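Welcome! Here is a short tour of a structure, written for someone meeting it for the first time. Take a look at it, then read on.

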2 protein chains.
Amino acid sequence: MGAQPLIPPIGKHVKLNEYDPGINGGNNKDAATQELKQYQTRLADLQEMLYAQGKHALLVVLQGMDTSGKDGTIKSVFESVNPIGMNIAAFKAPTSTELSHDFLWRIHQQVPAKGYIGIFNRSHYEDVLVVRVNSLVPQEIWEKRYQQINDFERLLVESGTVVLKFFLHISKEEQKERLLARLNDPQKRWKFSMGDLPVRDRWDDYMRAYEDALERCNTDYAPWHIVPANRKWYRNLVITRTIVDALEKLKLRFPEAAAGLENVVIPD
Amino acid sequence: MGAQPLIPPIGKHVKLNEYDPGINGGNNKDAATQELKQYQTRLADLQEMLYAQGKHALLVVLQGMDTSGKDGTIKSVFESVNPIGMNIAAFKAPTSTELSHDFLWRIHQQVPAKGYIGIFNRSHYEDVLVVRVNSLVPQEIWEKRYQQINDFERLLVESGTVVLKFFLHISKEEQKERLLARLNDPQKRWKFSMGDLPVRDRWDDYMRAYEDALERCNTDYAPWHIVPANRKWYRNLVITRTIVDALEKLKLRFPEAAAGLENVVIPD
């Protein structure tokens, strides 16, 4: 296996078994943890400017199999960020009201306003993942969704939102260990759900569905990142660094003070 | 001037001065009023089936200059329809929260659920009309909106919504008469707004903006209808007939009763 890109080549078929979920990029845990801290601090600064300026938004989409670390990522990456500037949306199975609209209706309502960081814990991609694997709608419906997603994400980007999508890639063996850890730890047992097992049973079908989403919705304006996620510390570093790099490109700055402010006298 | 189509030819430039706002299609007012009643009754029946079946939605978009009859159309066309199955949304100048999202964010929230008729009194088209005429955003922003609107409307149609867009076409002279009528009638004076006059001043600019919207967002899946609207009775007939015809194509029917219902005994 050669060097695997973080962003798969656009327009090319994605084979997930060519992406090793266990690599650490040559880092070691201690050095990576130090580096993560620096990025976290920088991310907190960038978020403040994003908020003050109110010109851009950031949408972070997190997808991955059960136990792949979506919740843990949110906790670790955004630890230093002021929660007032964040909007975290977790998408569960849709309600009957949501199902009576197009699949992007509930998603669109949760996109971040300018100045905000929005985080999707699962997302509109479930509508081409679990929905496809379990045939919840006919293929003629879900087939159209790849283009509909690309159109929707283009609207967001053209309206000032940076869209970063992360697939937290773990191996099937790693999932087994994490599920066992949940079962065996009384503090974690609440996280275990019997519903996770039938999903694990369809692992290969999910990988095919992910490969299609990673190929067909991988655009220059809203790229996918395949994050090696067996090692949590490396996963956190990769995601935080990617977000910081993307925000740096916006050349964010605090707004100029209004003219004449230097002459303001605050009366006694 | 030859026969003017209700739906302008798709992909062709629209010249509004080739569309006579004063025609009556050879109808006379009394006969048209009788015909309208029949269509209204049929529309009420179709709406009941739409609601009972819960498979499709209908979105009616109404656009037109001030006094072109948007409010009057809603009142006349949907007179017989059960209001429980309708969702009427009037779009005014956006709030600061709405402005901090993409222009379709507030629109998407108001689209009708399956089973419902949604009516937009003004719409996302204002974002390429008043916004363009008054340069509220740079051209590079509003230029992208035509494609964004087409993508959005395609999503709705592919998700089971029938989208019908009506431009209520009145002449500048007709508007003058209607504005004067508002001024001179104490019962109608509240409808007159000084803000209408600067808009009337830019009539030709608005017509150019409408022509572009009518050309660039006229699709086979969500067509525009240019409704001759100087005569209210003809306008009402054309719109009601168009809606009824579109709903007839859906082959709506009441859902089948559940099996075994014929054996149900209601206990004393």
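At 2% relative accessibility, A:Gln47 counts as buried, because buried means under 20% relative accessible area. Keep in mind that this is a predicted model. We will look at how the chains are related, then visit a few residues.

**A histidine that touches both chains**
- You can find A:His108 in helix 4 (residues 105-109) of chain A.
- A:His108 counts as buried, at 1% relative accessibility.
- Its side chain makes a polar contact with the side chain of B:Asp102, at 3.0 Å.
- Leaving out residues up to four places away in sequence, A:His108 touches A:Phe152 and A:Leu155, along with B:Asp102, B:Leu104, B:Trp105 and B:His108.

**Back to the glutamine**
- A:Gln47 belongs to helix 1 (residues 29-53) of chain A.
- Apart from neighbours within four places in sequence, A:Gln47 is in contact with A:Val81, A:Asn82, A:Gly85 and A:Ile117.

**A nonpolar patch on the surface**
- A:Leu261, A:Val264 and A:Ile266 form a nonpolar patch on the surface, and together they have about 310 Å² of accessible area.
- A:Leu261 sits in the segment after helix 10 (232-248) of chain A.
- With a relative accessible area of 48%, A:Leu261 is partly exposed.

Note on methods:
Residues numbered from 1 in each chain as written. Chains lettered and ligands numbered in written order. Predicted model: local features only at pLDDT ≥ 70, side-chain atom pairs only at ≥ 80, totals over all residues. Heavy atoms only, no water. Patch = residues over 30% accessible without salt bridge, like charges linked within 9 Å, V, L, I, M, F, W, Y side chains within 5 Å. Areas by Shrake-Rupley, 256 points an atom, 1.4 Å probe, with all protein chains shown as cover. Salt bridge = Lys/Arg side-chain N within 4 Å of Asp/Glu carboxyl O. Helix = DSSP H or I, 4+ residues; strand = E, 2+ residues; numbered from the N terminus. Buried < 20%, exposed > 50% of the residue type's maximum accessible area, 1.4 Å probe, protein only. Contact = heavy atoms within 4.5 Å. Polar contact = N/O pair within 3.5 Å; in protein donor to acceptor, adjacent residues only side chain to side chain.
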